[in-house]
Amino acid sequence: MVLSAGFHSRLGPGSIFTSFVLCSLLAIFAALGVFAVLPDRLLRGAAVWRAEIMGGLWALSGVLAIVGAACKLEGELSWFPVFGLDGPALPMLVLLAFAGGVAGSGAAALACVFVGVGFLALSPLVFGLLTGTALVLLAAGGWRSVCLPFAVLPACIPADSPFCVPLLCLTVLLMGWAVSVQKGPTAVLPGMVGLFLLGRLLAEVGELSVLPQVMLVASGCLVAATGTLQAMRDKGLARIASGLCAAWYGILVVAVALALVSSFGGMETFRMAIILGMGAPMLALVGLLWLAQWQQAEPKRRIASLSGHVLVAGLLMLFSIMPPFGGFAVLWSLLVGAYDAIAVAQPVGALTIMLLLTLLGSIMVLMGAGLLRAGAALLFPSTIFQPHQAPVAAEFVWPSWICAGAALLLVLLPGVWLSLADHLVVGPVVPPLKWNRIATIWLEGGGASFTPVFTLLALGAALAAAALLVRLLGFLPFGRVIKPVPVWRQGAPIIQPAEGHTVSYEGAAPLWPACMALFGLAAETRKDRRLARRGRVALRYGRRWLFRGAEWCETQGLVLILLLLGGGLLVGLFVGK
């Protein structure tokens, strides 16, 4: 396997700038390894600043990786041709800088260092040794430390070997297992290694036959379904977050298989879905994983401030499939790619793609329920998962704020990330970034495009215009009378009993405890598991405003639709070609 195959340099392998960036990255990783493992007595005065020094070094490595990706650097050191720069390594190092910066010190930080140096390795043997060692460090002993190094075995065999595809399927399953059992930001490391190796090998293999394609897609779907099930069933916050990470890894594996080895159309759009999936959703997931680890370190912690609630809501939305956030951009790309593939496929192939995209969409919707469980565990740990512990207000959680801010930037300016991570997956070179494309997800073939900023502005303008109309008119144009019902029914449908019959609600489960039981949350009892008075009052007011907002949106739906249509027509007149 030649790890640098398929990519072309603009500055040349012998440029001084390329050598400077590569040597700087290797020196930074060496310093990070030293600060990660040395005890405090050897560091002396610098031990107090260990976290700050490591954070600064990770930030510097991320800046160098961004500069190298922007300049499309590629090359190796003539005096030490073991390490080098190429296409996928630099975007992966940008993501690794965020994961390593919030991972802390110790074995987790050392594993991040080994993975980073492995991304720079040009030799398959060096890559396998470094990443295999990182997996052993993450496994922390037991059977996992024996099984996980076999996941990098495909790097050491020829790409045209008949054992390549079965071993790649084994890699997908083992990496999915490694992701699902991790706790904290290091859960993204096995997924990054798996996608890196899968993309490299499939780029060399080229188009596969039907059976290997089915094997790879089935392995990715199995990992995604298993991760979603873990996020839906487990009660520990760290396990829920790890399940979401495993599910996202499985979805990206399917996208890689469709982009690199599929004989259908839409390969470029599937490739764009991979790049978008490794951007804003991955950064939001790193922030969520850090919050889970932070709360697990002291179970009594609780995010009680308004800024903390905004942070949790922002991370959940950035990872979700709600438009126009990161998950929705990936889903949009998959749907556009499926449309292009169906247009040129045979009936059997078109039906297969439709079923596959339906399965992936269903998994993404179920991941939304897992996100709600994660948010509930973060905001109300004492009332849902640990009913006998008193909550303690938390301090400012700056690592998650950094991840959320970077994810929001990539959501609003997706063209920047598409340009930087152009070589994350092998494919045609993207033209230089233009100012009119900096906030747009575009297709070079003249197809569909998506601008998240316009979606946000359209939704906000429609809501503001509808509110202004209601304010000026003084009444709701489409108001309706709602018959009052008991509080515990929470908006359940009204059941009118037949004449001569009475309906008894004794023993009937209210809607809120029923929903709690549906998602595996512990329902509260009247005696020993009551909500705190402040939480109960806040929940009552929040439920009241939620139903008021839902009722208002339902009654004014026609007004919102008309405003959106009118705005779209105006934009089409002035902006459209």
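Colleague: Is Arg271 buried or exposed, and what is the relative accessible area?

Modeller: This is a predicted model, so the values are computed from it. Buried means under 20% relative accessible area. Arg271 falls under that cut-off and is therefore buried, with a relative accessible area of 4%.

Colleague: Which residue forms a salt bridge with Arg271 at 3.1 Å?

Modeller: The two partners sit three residues apart in helix 12 (residues 267–277), so about one helical turn separates them. The closest N and O atoms are 3.1 Å apart. The partner of Arg271 is Glu268.

Colleague: Which residues do salt bridges that share partners join into one network?

Modeller: Start from the pair in helix 12, Arg271 and Glu268. Salt bridges that share partners bring in Asp422 as well. The network is Glu268, Arg271 and Asp422.

Colleague: How many residues apart are Arg200 and Asp86, whose side chains meet in a salt bridge?

Modeller: The N to O distance in this salt bridge is 2.7 Å. Arg200 is in helix 9 (residues 188–205), while Asp86 is in the loop between strand 2 (80–85) and helix 4 (89–103). Both residues are buried. The pair links distant parts of the chain, 114 residues apart.

Colleague: Which side chain meets Arg239 in a salt bridge?

Modeller: Arg239 has 32% relative accessibility, so Arg239 counts as partly exposed. The salt bridge spans 2.8 Å, N to O. The side chain that meets Arg239 is that of Asp234.

Colleague: What is the phi of Lys72?

Modeller: Lys72 lies in the loop between helix 3 (50–70) and strand 1 (75–77). Most residues other than glycine have a negative phi. Lys72 has a positive value, near 55 degrees.

Colleague: Which residues does Ser419 touch, not counting residues up to four places away in sequence?

Modeller: Ser419 is in helix 19 (residues 414–420). Its relative accessible area is 18%, so Ser419 is buried. Ser419 touches Lys72 and Leu433.

Colleague: Which residues does a cis peptide bond join?

Modeller: Most peptide bonds are trans. Here omega is about 5 degrees, and the bond is cis. Pro324 is in the loop between helix 14 (306–319) and helix 15 (326–344). The cis bond joins Pro323 and Pro324.

Terms used. Residues numbered from 1 in each chain as written. Predicted model: local features only at pLDDT ≥ 70, side-chain atom pairs only at ≥ 80, totals over all residues. Heavy atoms only, no water. Helix = DSSP H or I, 4+ residues; strand = E, 2+ residues; numbered from the N terminus. Buried < 20%, exposed > 50% of the residue type's maximum accessible area, 1.4 Å probe, protein only. Contact = heavy atoms within 4.5 Å. Salt bridge = Lys/Arg side-chain N within 4 Å of Asp/Glu carboxyl O.
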